[in-house]
Structures are given as C-alpha cells and as structure tokens.
Amino acid sequence: MFDIPEVSATITEHRIHSHRCPCGQVTEAMAPAGVRAPVQYGPNLRALAAYLVVYQHVPVERAVELIADVTGAPALDRLDQLGDRGNL
Ligand SMILES: [Zn+2]
C-alpha cells in the first residue's frame, strides 16, 4: 500500500517594523529575501503551483483551489501572491 503523510501548510510570519521620525521621515525594515506580498506561497508551494499550472496545464484558479483544499493554505486570488517574482 502506498500512502502519503497528511499534508498541512506551515506559516511563517514576518513582522516588518516601521518608525516615523519627528521630521516626518518613515523608516521601514526590509522584508526577508523572497517576501514580496502580505500573503504569499513559500518556495515549496510555489513549486507545486508551477508544476500544476505549467506542466499539468491546470488553470491557476483551480491550482490554488487544489492547494487550499489539500494543504489548508489560503487560496490566493492575485498572481503576485504566488511568488517572489510576481508570477510562477
Ligand atoms: Zn528625521
């Protein structure tokens, strides 16, 4: 019998602090490399999404729905949330 372990997405939260100087200048910390959106897939989910969309020809909407159903990751509704270059 072949089987896979139960799949669930893990969440990594990054807090980007900012501070407003008395002169009005706002300084904001840089996000870690690859973090470009408030909510996005990490590299493994991005690779799965790319496989589904590019190789298996699953429409993007269906791919993110499948990923959400199987992993519990949120179904992203904007392409720029998929990865660090704004696309697959
Ligand atoms: Zn200042």
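Author: The axes of α1 and helix α2 (residues 60–71) come within 9 Å and cross at roughly 135°. Axes are lines fitted to C-alpha atoms, for helices over the stretch in contact, and angles run from 0 to 180 degrees between N-to-C directions. This is a predicted model: local features need pLDDT of at least 70, side-chain atom pairs need 80 or more, and totals for chains, interfaces and linings use all residues. Residues are numbered from 1 along each chain as its sequence is written.

Reader: Why is α1 called oblique to α2?

Author: Under 35 degrees counts as roughly parallel, over 145 as roughly antiparallel, 65 to 115 as roughly perpendicular, and the rest as oblique. The angle here is roughly 135°, so α1 is oblique to α2.

Reader: Which residues make the contact?

Author: From α1, Leu45, Leu48, Ala49, Leu52 and Val53; from α2, Val60, Ala63, Val64, Leu66 and Ile67. Contact means C-beta atoms, placed from the backbone, within 7 Å.

Reader: What classes of residue does the contact of α1 with α2 have?

Author: It has 10 nonpolar, no polar and no charged residues. Ala, Val, Leu, Ile, Met, Phe, Trp, Tyr, Cys and Pro count as nonpolar; Asp, Glu, Lys and Arg as charged; the others, Gly among them, as polar.

Reader: How does the reach of α1 compare with the span expected?

Author: Helix α1 (residues 43–55) has 13 residues and reaches 17 Å from first C-alpha to last. The expected span is 1.5 Å times one less than the number of residues.

Key. Helices (H or I, at least four residues) and strands (E, at least two) are DSSP runs, numbered from the N terminus. Two residues are in contact if their C-beta atoms, placed from the backbone, lie within 7 Å.
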